[in-house]
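Reader: I would like to learn how to read the features of a model like this one. Please show me the structure, and we can go through it.

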Amino acid sequence: MTPDAEFGYELLVCRYAELAWHPSDGPRPAVVARQLGTKERRWDTVVIEVDPAAFAVRRAFGERAIDSDLLHVVRHAPAEWSWYRDALPHPGYPWRYVRQAVHRAAGRDLIEKRRRNNRIQLRRKRPYPDWVERIVAVENKPDLDRSAADRLAEQLTHDVDTALADEAWLATETTGERVEPALLREMPIEAGILATDFSEGVHPDAADVAWHPSDLSGGAGATDEPEGGDDPSERTGSRDPETETLRLEIAERAYGKGWRSYHETMRPDCRHFELRREGRSLVPRCAAKEKVPTARECSGSCPDFSPEPPQWRTKGWPIEGGPGKGFKRVLARRREREHETADAFE
Ligand code: SF4
């Protein structure tokens, strides 16, 4: 399958996850993002399962991600005014970077700061909540062939070993056919398999669980010796603080980025750019190329790029710009609505 089809598939899987997470255990509030991870491993789709009440508190910190330097400040900011070096744990890097992060955090209204006797003091506005319940990684492979299966098996084995995620899945398209059992047998047994059929678009019943995943939370990042021997489904244990911080950074990036951010790199201001409905999902489409364009194709260097004509901006698109801006607003509104759904859950 071509990369553009894979990109389109990835968007459909993201939308499915938003509508129907969790595929086997029933509804769970979640935030969905795409193309996130660490230096070593980038996941196609990331599902962050959230605690609804804590997530509502997280939303009070704003819609942007809180990066790792800011997290150090925000998580440890004290309830009472205090010199930042007394209040915060040593970061493991020079304090001047922390000072910069304190200024940035105050500039974003995440904490309060003041100067006393030539010292910077800070205090929190509200405690940073424990909003992340579980992190789930999904690899999307619409067309599972031999070489894709080999690559995926390797990637999923990495996920199982690092236990950065709590659960790993492979999503693959069946369109009514059975998935090739021989290829699926090569996947690590801990990874779940989601057999999707998006031929009728995206809806909550568009996927079946072909294999149930195991809980990975007691893998390599765990502090305790895993109990239950080699069977990860029987392991127990919690992760070390470093792994937990890394997970929180991933969750923050997922929250800030979501999965509709492709409009930030694509060209919705091109006259050929369209959002096409696939069931309950909107997927970008290029009318000139007659397909879902990849983010790389749909860029300023695209030879077919053609700016939307200025008169579009006066025909039903007054003041706030043409359809390009309209697409961006539609996608931003959808993202906002999904965040509201997650914290209004229960
Ligand atoms: S013509 Fe190029 S820039 Fe325009 S929508 Fe198609 S891929 Fe994107």
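Reader: Which of the 13 residues around the ligand come nearest?

Author: First, the ground rules. This is a predicted model, where local features need pLDDT of at least 70, side-chain atom pairs count only at pLDDT 80 or more, and totals for chains, interfaces and linings use all residues. Residues are numbered from 1 along each chain as its sequence is written. A residue is near a molecule if its C-beta atom, placed from the backbone, lies within 6 Å of it. Here Cys270, Cys286, Cys298, Cys302 and Asp304 come nearest to the ligand.

Reader: How many residues of each class are in the shell around the ligand?

Author: Ala, Val, Leu, Ile, Met, Phe, Trp, Tyr, Cys and Pro count as nonpolar, Asp, Glu, Lys and Arg as charged, and the others, Gly among them, as polar. The shell has 8 nonpolar, 1 polar and 4 charged residues.

Reader: Which residues have the most contacts inside the largest nonpolar core?

Author: In soluble globular proteins, nonpolar side chains tend to be buried together. Buried means 20 or more other C-beta atoms within 10 Å of a residue's own; exposed means 12 or fewer; partly exposed is in between. A nonpolar core is a set of buried Ala, Val, Leu, Ile, Met, Phe, Trp, Tyr and Cys residues joined through C-beta atoms within 7 Å. The largest core here has 55 residues, and Val46 and Ile48 have the most contacts inside it. Helix H1 (3-20) gives the largest share of this core, 8 residues. Helices (H or I, at least four residues) and strands (E, at least two) are DSSP runs, numbered from the N terminus.

Reader: What does Val46 touch?

Author: Contact means C-beta atoms, placed from the backbone, within 7 Å. Not counting residues up to four places away in sequence, Val46 touches Ala33, Leu36, Ile135, Ala137, Ile250 and Ala254. Another core, of 15 residues, lies apart from the largest one; Val74 and Leu122 are among its members.

Reader: Which residues of H8 are buried?

Author: Arg247, Ile250, Ala251, Glu252, Ala254 and Tyr255. They pack against E1, E2, helix H3 (68-76) and E6. After H8 comes Gly258, with a positive phi near 65 degrees.

Technical notes
Contact = placed C-beta atoms within 7 Å.
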